[in-house]
Structure formats: structure tokens, C-alpha cells
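Morning, everyone. Please have the sequence and the 3D view open. I'll take this one piece at a time.

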Amino acid sequence: MALMEVHVPDIGDFDEVTVIELLVKPGETVNAEQSLITVESDKASMEIPSSASGTVKDLKVKLGDKVKQGSLVLVLDVEGAGAQAPTDTVSPPPAAANTARSATSVAAQPNAAAAPAAPASSTSVVQVLVPDIGDFKDVTVIEVMVKPGDSVKLEQSLITVESDKASMEIPSSAAGVIKELKVKLGDKINIGDSMAVLEVASAAPKTAAASNAISAAPAASAVAAPEESAAPEQVVNNGAHVTAATPLPLHDPSVAPQGNLPQGNLPHASPSVRKFARELGVPLAEVKGSGLKGRITETDVQAFTRSVMAGATQTVAAVQGRASSAGANADGVALGLIPWPKVDFSKFGAVERKDISRIKKISGANLHRNWVMIPHVTNHDDADVTDLEAFRVATNRENEKSGVKVTMLAFLIKACVAALRKFPDFNASLDGEQLVFKQYYHIGFAADTPNGLMVPVLKDADRKGVLQISQEMGELAKKARDGKLGPGEMSGASFTISSLGGIGGRYFTPIINAPEVAILGVCRSTTEPVWNGSAFVPRLMLPLSLSWDHRVIDGASAARFNVYLSQILGDFRRVLL
Ligand code: CAO
């Protein structure tokens, strides 16, 4: 064993960069070239790799420290290093040096371009090339920030590229309108590759700017030199493109903008964290960073993922319905499935297209998530509601003048509360590795509205009688149909009932309304012959379908729940017990 110091390698003109992330801890084993820390200037972030394999003995930097070339990062315990490294300072390995030099060369060349010769015309066409990006070869385009037709300003970022060690935004070399994009997501690009063709409104000022670029950056100018004299119009016609480029500042690394996140508000994260987030499909813009200056760490991405998996967080995509199975844009690729079939229906006959309603988009996204994430099982059963139906009809007759009509659903709500009391697992929610048992009984009920499915919530059903439940249910259902439900009237349910009894059908598989763990589906009761031990007698049977989350509930409990519920519905006096 020998001790070896690892220093910040040549990071070019980057003076006094800030340590924004510590990727290792004392006692951890690291491999040569494994990233140790992430540093950041106002233009770029980069990971500083280890120069050797070994065990971290002493970390010499902390978050927020300023470091520069030669700063001591950490001390490594290196097996057999004595023979190979007599001095205690190890030169950066080629990869480290390359990473650093890449940033250096890019940052050190304020202008890296060629430009068209000054044209007399008021518009010209210029091609924006990838400028000198140092030792970066075959870097991947991870973000395309503009599209054809967009007006771009000089130095506005057009694309983001990423190597395994750093990312950078590549800006436009001129102001103008994008005529053509030459790159797409996933492309590998190198110095001199064409990024875009720009239509530039006025060539004269551009030329002056570009001339400066040429004198300041001979190496990059050379890339474009053969084409410098081409006239813009000929460029388009002959394909002999004139080039223009600008300084290549390394901007804050970022992921593809999510949702409506404006440019400039992109999330801060190191390239490796962004790669990690992309692999998991995590929208970084929605992750709260706990690092320095709100920087997103790998732990933040993991915490976000856990929260989404537990149903505590919804992504914007889910809410907006982009992930909705109902949406034709849903992409099975995201789930590792083959893509959704794209069919030109008009080939087979006349079609009409209509936008999906906002409610359908939202409910569709929720249903999709719940269906995919919850291991559903559905138990079916029948309850004998002959006596209850007679009581319901009699109650309605007695209360005719009150204007409140009692339907089977009101009794079902009351009966479910009794069953939930007896089987508290069904009135619970999963929260990470804990179960939250609710001491309240707020029952959601699915309501069919002209705009789609809504679930009003009847609060404190345990404290209300069937008549009050009927009245409130009627009011909530009307509000749902009129589109007047407030958010408070649609939240807080601990269990949900979906009744199709007024319509028909036999059994179905209701989808659990996360984060609840069970839902009862009810269909239309029918009179059936039931064997009473000595004869078949006509009984009114109510079909029940109970879906439950197998992570929380098991089949035996579900069967008991249904049996108990059926007993209550068979003899409602049991509610009092
Ligand atoms: N068996 C037999 N008849 C039933 C019944 C049942 N299980 N449930 C209701 N009925 C009868 C009612 O008694 C009423 O009869 P009358 O017209 O003779 O009085 C009739 O069916 C209509 O009832 P209703 O639907 O107006 O009232 P409700 O309290 O049963 O339901 C509501 C209210 C809002 C839940 C319902 O109107 C509704 O929207 N249901 C659809 C729910 C849904 O879409 N679920 C699917 C979700 S998954 O996509």
C-alpha cells in the first residue's frame, strides 16, 4: 500500500472553479478514471476523474471549495503504487487531461469560425458548423433547442452535446432564421460538422463579427477556409456552403427542457446525473435539487423516482396525459414495449378527429399510471339485496315529499364504511415502506359526466345517515355533471365505489384510484333463482367486483371483505353491530 495524491489536472483557462459535487467518500474504492468530484464554472461543469485505482483515504475538498489546476483533490491508498509512482503526485491520466483540455480549448478560443465574404445582398444563407470542441470526438446530441422557422439570436444555444464527462451547449454563429437543421437527437457530431443552415437578414454586420472570429481562431477558421469566398446564394444552389461560427462558451449543463420550462431555467445537474435521469426517464426539470445552488444530485433523482413509484408524486407528463393509454401519442417504447401502432384510418373509410377533453386526458393519465403500477386483482361476488331493496323502495315512498331519492349506492357507501372499519387495510395507503391507516372514511364515487369520468368524494360517510348521504351524493353528482366540482370535493377519498347499477352489466374490473388500495365496482341487480337449502327461490342479487392492491391486501382478506359486505347488504341491521 502507498499513499498517492490526486490533483486537479490541466483544466485550461478555468481558474478557481467551484466544487459542486463530491462523488466519492473516504473508505470507498475507486477505479482509475472514475469521476471523483464535479466542478463548475459559470460556463461549464466537468467531472474530475481519478488518476489511479485505490481506496479513498482522505478527501481534501468539500462542497463550495474553489479549485484550480494542481489543487489537491484527495489522497488514495494505492496497492503496489510505490513501485509505479515514487512521487506522491500522479499526473492526470489521458482521459482526465483530455476532459480538461477539451474545456480549455473550447473556452480559450473566443472565436472559432469562418464567415461568408461580405455580400451585397440583404439576406444570405450561412451554415453553422460545430466549432473546435477540443478533444471531444463523436459527442452525442442530447438536446435540440430550435426548429426550422425559429428566429435565433447570435450566440443563442442551438443544441446540447454530451460526452461521458461533460456537456456543452453549442451556440449559433449568427442571428437569423433556421432554414434547416442538420442534426437530430442522438447524432454523433465532431468539429466542422454542419449543425444548421441559417438565413441571415443582413450580411454586413455579420461579416464584421465573423472576421473577428477568423483572426481570433485560426484553427477553426481553417475548417471553413475553403468555403469562405462562396456567395450566399450560390451556397444554397451549389451546396458549397459558407460557414460561420462564434465563440463556443460552455453553458450550464442541462437536460432537454421539460414541459414549458423556459430556457435559462434549465435544471442544474452534472452530466452523469443527467445521464442517470435519462436512463430512468426522470424529467429533471421536475426534480428538486438539494445540492449547492439547487443542483440536482443522483440522490435527488433516486428520491424523485421513489416518490413517483409510491404514487406520492405525479410527473407533468402524466398529469398532462402524455402518458395516457387513451392518447394516440402514448409511446410504448417508454415502457420497453413496441411502439404504438400508427394507422392512417382514412385509408379504410371516412373519419372525424376530435380533441380528447381535458378531464379525459387527466383521468386517462391517472388510470394508466394506476393500471400499470398497481398489481390489481379483482374478486367477484353477489349480495342478496332483496330485503334491502324492499326497504329502499319503502324509504323512498315515505320520503317522497323530501325530494331526496335513495338509491342502492347510498346503502353501499354505508355498508362499505362498516366493512372498512372491520378490514382497515382496505382504508389504507402505501407510503414507501409504510402503510398509512386512515381514521376517516371519505368515500369517492365514480360519476359519469358529459366531459368524462369524475370522482366526487363524500366526506365523513361514517358520521352520516343514508338520507344525508343520498342528498349530498345527489348534489355532488350534479356539480360533477355541471363541471362545478371544486378541487376539495374531488380529493381525500380513502376508498372508492364505481356503480354502473343505473346502467346495467354484470361484473367489471374497476381500476384502483391511487393512492387508495381498493375499489368496489357494482353492477345492476337482477332477480335470480337462489337455492335456499330446500328450494330455488327468487332473490334480487347485486353483483360486486372488488379490485385490490396485492402489495397491501391478499386474496383471503379480499374474499372476507366481500363476504362481510354481502352479509351487511343482506341484513342491513348488521351495520349497527
Ligand atoms: N341495480 C339496479 N338498479 C340500480 C342500481 C343497481 N345496482 N343502482 C342504481 N339503480 C337504479 C336506481 O335505483 C335508479 O332507478 P330509478 O330511475 O328507477 O329510480 C336508476 O338505476 C338510476 O340510478 P342513478 O345512476 O341515477 O343513481 P345512482 O345513485 O345509482 O348513481 C351516479 C349515481 C352518479 C354514481 C351515477 O349516476 C353514475 O354516474 N354512474 C356511472 C359511474 C361510472 O361511470 N362508473 C364507471 C367508472 S369506470 O369508467
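Let's start with a term. A salt bridge here is a side-chain nitrogen of Lys or Arg within 4 Å of a carboxyl oxygen of Asp or Glu. Side chains of opposite charge can pair when their charged atoms come close. Keep in mind that this is a predicted model.

Now find Arg539 and Asp384. Their side chains meet in a salt bridge, at 2.6 Å from N to O. Arg539 sits in strand E29, residues 536-549, and Asp384 in strand E19, residues 376-384, so this pair ties together parts that are 155 residues apart in sequence. Are these two buried or exposed? Arg539 has 23% relative accessibility, so it counts as partly exposed. Asp384 has 22%, so it also counts as partly exposed.

How many salt bridges does a search of the whole structure find? The search gives 17. Let's look at another one. Glu472 forms a salt bridge with Lys464, and the closest N and O atoms are 3.0 Å apart. Glu472 is partly exposed, at 21% relative accessible area. Lys464 is buried, at 13%. The cut-off matters here: buried means under 20%. Back to Arg539 for a moment. Salt bridges that share partners join Asp384, Asp387 and Arg539 into one network.

One more pair. Lys62 forms a salt bridge with Asp65, with the closest N and O atoms 3.1 Å apart. Lys62 counts as exposed, at 53% relative accessibility.

Next, the strands. Strand E6 covers residues 54-59, and it pairs with strand E3, residues 29-30, in the antiparallel sense over two bridges. Thr29 stands opposite Thr55 there. E6 also pairs with strand E8, residues 72-78. That pairing is antiparallel too, over four bridges. Which residue in E8 is the bridge partner of Leu59? It is Leu74.

On to a helix. H9 runs over residues 358-373, which makes 16 residues. From first C-alpha to last, H9 reaches 23 Å, close to the 22 Å expected. Its buried residues include Ile359, Gly364, His368 and Arg369.

Last stop: Ser429, in strand E20, residues 428-431. Ser429 counts as buried, at 7% relative accessibility. What does its side chain reach at 2.6 Å? The backbone oxygen of Pro515. Leaving aside neighbours within four places in sequence, Ser429 is in contact with several residues, among them Leu435, Lys438, Pro515 and Val517.

That's my tour. Over to you.

Notes
Residues numbered from 1 in each chain as written. Predicted model: local features only at pLDDT ≥ 70, side-chain atom pairs only at ≥ 80, totals over all residues. Heavy atoms only, no water. Pairing = 2+ DSSP bridges. Buried < 20%, exposed > 50% of the residue type's maximum accessible area, 1.4 Å probe, protein only. Polar contact = N/O pair within 3.5 Å; in protein donor to acceptor, adjacent residues only side chain to side chain. Contact = heavy atoms within 4.5 Å. Expected span 1.5 Å × (residues − 1).
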